[in-house]
Amino acid sequence: MEYEQKFYGLFIGVDNYESPAFSQLKYAKKDAIALHALFTDTFSEKATLMLDAAATKDRLTTEIGHLRASSTEQDIVVVTYSGHGTRDGAPATHDSKPDRLAETALSLDQLFDLVRGIRAEVIVLVLDCSFSGRAGAKVLREDGVRGPGRALPPVAGDGIVLIAATEADQDARESGEFRHGFLTHYLLEGLRGHPAVRDGDRISLPKLADHVSRKLRHPGESGAAKQAPGVKGRMTHASLPILVPGVNFRAAGEDTPRQWATPAFSSLADMGVPEQAITAWEQRYSRLNEVQLLAINDGHVLRGGNVLVSAPTSAGKTLVGELAALRAVADGGRAVFLLSTRALVNEQYDRFLETYSAAGVRVIRVTGELRDQSRALVMGDFDIAILTYEKFGAMLAGRPKLLSMTRVLVIDEIQALALPDRGPSLELLLTWIRLRRLPGPVPQIVGLSAVLGEAGDLAGWLGAELVTSTHRDVPLVEGVVTEDGTYRHLDENGQEQVIPLASPGEEDTLLSRVVRALAEASDQVIVFMATRREAIRFARELAGELGRAPAAATIAALSGRGHGRLVEELLRCLRGGVAFHISDLGEDARLAVERAFRLHDSEIRVIVATSTLAQGLNLAADAVVIHRLRHPGEPERPYTVSQYRNMAGRAGRTGITRRGRSAVIAHGSVDAEQKWISYITAAPEPVRSPLAGRDVRSLILFFFAMSAAELETVSAAHVDAFLTWTFAAYLHHMGRSVRSFSPSQISNAMAGLLDEGLIRSVGAGYALTALGKVALRSGLSVDSVVVIAQALRTVEAAQLNRMTLIAAAQLTEELLDIRFSLPIGHWRKEWQTLQRKLRSQNIAEPMLDRLLGDYEPQSPGVVRARRSLACLRWSRAVALPMIERELVEHQFVEVTNTGPIEQAARRTSGVVEAVIDIAMVVHRGADLGTLPEILPAQLELGVPAGLVPVLRHLPLRLDRESCLDLARDGFDTARAILDADERKLLAHLGDHHLVTALVAAAEKADRRDDVDASFDFPPAVD
């Protein structure tokens, strides 16, 4: 009987490696899956597919051994590898270690020796990797070293063919267009019977090799860089049957025509985007813009690809994240959006509700505030969740399964990774996601960023396709203006122009002259000042100088509401059509200003703000004027180019203005030239990791939490291995920075955590203590947790009252930046008065000593004490003007300098939750009554305890003054609201819809039997 030729195949693809020294590839697994599918559709024999963690050195050796044992001289054997290569000439298996390649990887010689032992009529070995060491290639980067690789060894034997993506010192690259390595793409094309490779009804291997080689050397219109492939072997009579795509190939998504998005939203319908979302977008936008089309067509954001979008402010980046999210939701998945601030979370939540509720999309937000939806997040009861970076990291630390529940993770303003305050937590979160790629699937990453310097580094670390654009729907004109009123700028085409912008005058009037000229041209203007004090003062000056009509609607919304002295100052400015926007403003006032400024025909023509507006709010104007580009302090620090661009980018309102205009105030010709070079024409700084300056202890705690489900104990070696996956380590490996952490630093930090009681020894490793778990959950610094614990240990359990807990929170470094003035004037009198007032509120005596500290002028202890009393009074629903009067009773301060009371209380709200948790660890079994549930909410809202459960269920916003008005008339509990005549409630609230919602919330609160104590207004502090 004639022998029937058999086929044996081994297909290997590695995107993710054990060692972080290998960057993540995008299409190596896809290469192997496609080739495996095509061969199995044609041949009946079972082929072997090895992907990622399965593709180890031992497994590869074993599988080739099976081929040697099974095949005969009449058979066909195909072995393909797609992944990284090394400069030492090794196709890197999943477990290859760069510092021990000889032990952990198969060299080319070893691989060829194994292949030569296979008995077959035709042996095809395909290596879609390179051995050049060049950045961007499918190759291990070795500390920036470049040099010639080694030549491919000879292959002996008729019918043995080696097709390698490159010869020595060449690059093998992946194609975003083809979604394969270039070699694999052309190989697939030839195997399916391209006319150039046919020999009758078979494929000639010499012709196949020639076809692939020709395509790689002369890519034509494919956009590929030229590659010089290596082809070895004697192939005179070698051939294969034409491979016919079938069910496996189609299941791998390889036999479907490429779909391209066009500017029309309707082009997304065939890409899995739900019609309801398309309709919603068509109502908001005229078309898909350049950035969005690049993300879809080149970044493959709708096909699950990781993408990093680097584009200017107001370029339409957010919609890229929405595209990926709605595509995932349509497929039954969930999406999480991470933003930098609570204000942005709340703003985006409102917009998403308005846009997607009609489509049945469940949108939630989690910020740590009273009305957030943490339970829905944990239970997976959502389609889109919106959180801050820190909140998601803290929740993920306790519930790692949240990662597996998430299909798409959209990270807005991802350039915040480079900031020393926000960056470390975001970097650690992304590091964990990188590490989780090894054992299983992780979310698609969509990073949205302002224009970055050297963005390829961040994209490489994320394993993302980089999409860059300088396009804005509303072009931006940027420049500097000097005292003679001359505006030197780059026009919409990037050409330098000089025109008069303002009338000539003295240098100290330049800012006013520029703003007046813009306002007289009917521009709506944002002015950025360096400090809050400067913003208030300049807003006051403009209101008197510009002669604008009063912002009547905003004045009416804020008048008579008991907002305090800062709002009274704001009202004076609004009477001249000007507002200021600083972080010290209360939430109600800020929202009123923002809503009014966004109106097309806004009464507010000028907002004077600090840079926090640019960082934490999506607010645009026709023109932006920047006064100074230096951070206040000793010494002053210059703004980065990215921070400048974030402010300048607020100029230009989509659909309203033809262009935006930004002007930087210059103080003399030398300063003008310096700003022109350093900001207007400068490239953004490279994005770099801030981890090197971070407390190593906090990094270690993060790893403890994330590894808890897999490791019973943690060692210093575990932590060191984790840190090698960080962006800091990646940059070091690329030669961009020095080493971040040494093993001795890690060991010393772990010893410190052990001494401080945050970890404990367990066998040969360590585990978190109860205090360590609180530290991790809280997001506080290690030093703050230790300080709180030490302070609370000196207090008896019976003394853990409201005043003592609030005071403990003020000891943390997280609250140091809340600006309450240092004691001036009669500091001794104030010291004694504050001490007496604190004692009258039953503060524990040891806590009082720690809070006040040393008895001396300019003592920060007095600031902490004043802040503590302000927070206490706010939490007890005392009217803001009364609190302000009490604070200035014994000191000589300006009217606006009492301190940001509402902000202090809200910030303390987040910290006091950790204080309560630490108190329960330090004093096990202590009875704190209702304080754990009520105190954080009262600090956040400043309302009576009985209204807290009602507000928790109220979907609409009810401002503090309305709550206090209700309480004054006895409507201070859920039961009191339910028993009230609705006409009386309407008299207070003036809105039938709000009254209905309030009663419904009271019914829910009453059924839950939440805190429902009557409320008595407290007397003034003596």
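**Salt bridges and a helix pair**

Reply: E902 and R906 are separated by about one helical turn, being four residues apart in helix 36 (residues 901-922). Helices (H or I, at least four residues) and strands (E, at least two) are DSSP runs, numbered from the N terminus. This is a predicted model: local features need pLDDT of at least 70, side-chain atom pairs count only at pLDDT 80 or more, and totals for chains, interfaces and linings use all residues. Residues are numbered from 1 along each chain as its sequence is written, and side-chain values use heavy atoms, with hydrogens and water left out.

Me: What does E902 form with R906?

Reply: A salt bridge, with the closest N and O atoms 3.1 Å apart. The term means a side-chain nitrogen of Lys or Arg within 4 Å of a carboxyl oxygen of Asp or Glu.

Me: Are they buried or exposed?

Reply: E902 is buried, and R906 is too. Buried is under 20% relative accessible area, exposed is over 50%, and partly exposed is in between (1.4 Å probe, protein chains only).

Me: Which residues join into one network?

Reply: E587, D588, E902, R906 and R957, through salt bridges that share partners.

Me: How many salt bridges does the structure hold?

Reply: 44. One of them joins the side chains of R362 and D383, at 3.1 Å from N to O. R362 sits in the loop between helix 11 (342-356) and strand 14 (363-366), and D383 in the loop between helix 12 (374-379) and strand 15 (384-388). They are 21 residues apart.

Me: Is D383 buried or exposed?

Reply: D383 counts as buried, because its relative accessibility is 11%. R362 is partly exposed at 38%.

Me: What about E454, which side chain does that one meet?

Reply: E454 meets R736 in a salt bridge, 3.6 Å from N to O. E454 lies in the loop between strand 17 (444-449) and helix 16 (455-462), and R736 in the loop between helix 27 (727-733) and helix 28, so the pair ties together parts 282 residues apart in sequence.

Me: New topic. At what angle do helix 26 and helix 28 pack?

Reply: Helix 26 (residues 716-723) and helix 28 (residues 743-755) pack at about 125°, with their axes 10 Å apart. That makes helix 26 oblique to helix 28. Angles under 35 degrees count as roughly parallel, over 145 as roughly antiparallel, 65 to 115 as roughly perpendicular, and the rest as oblique.

Me: Which residues meet there?

Reply: A716, V719, D720 and L723 in helix 26 meet I746, S747 and M750 in helix 28. Contact means heavy atoms within 4.5 Å.

Conventions:
Axes fitted to C-alpha atoms, helices over the stretch in contact; angles between N-to-C directions.
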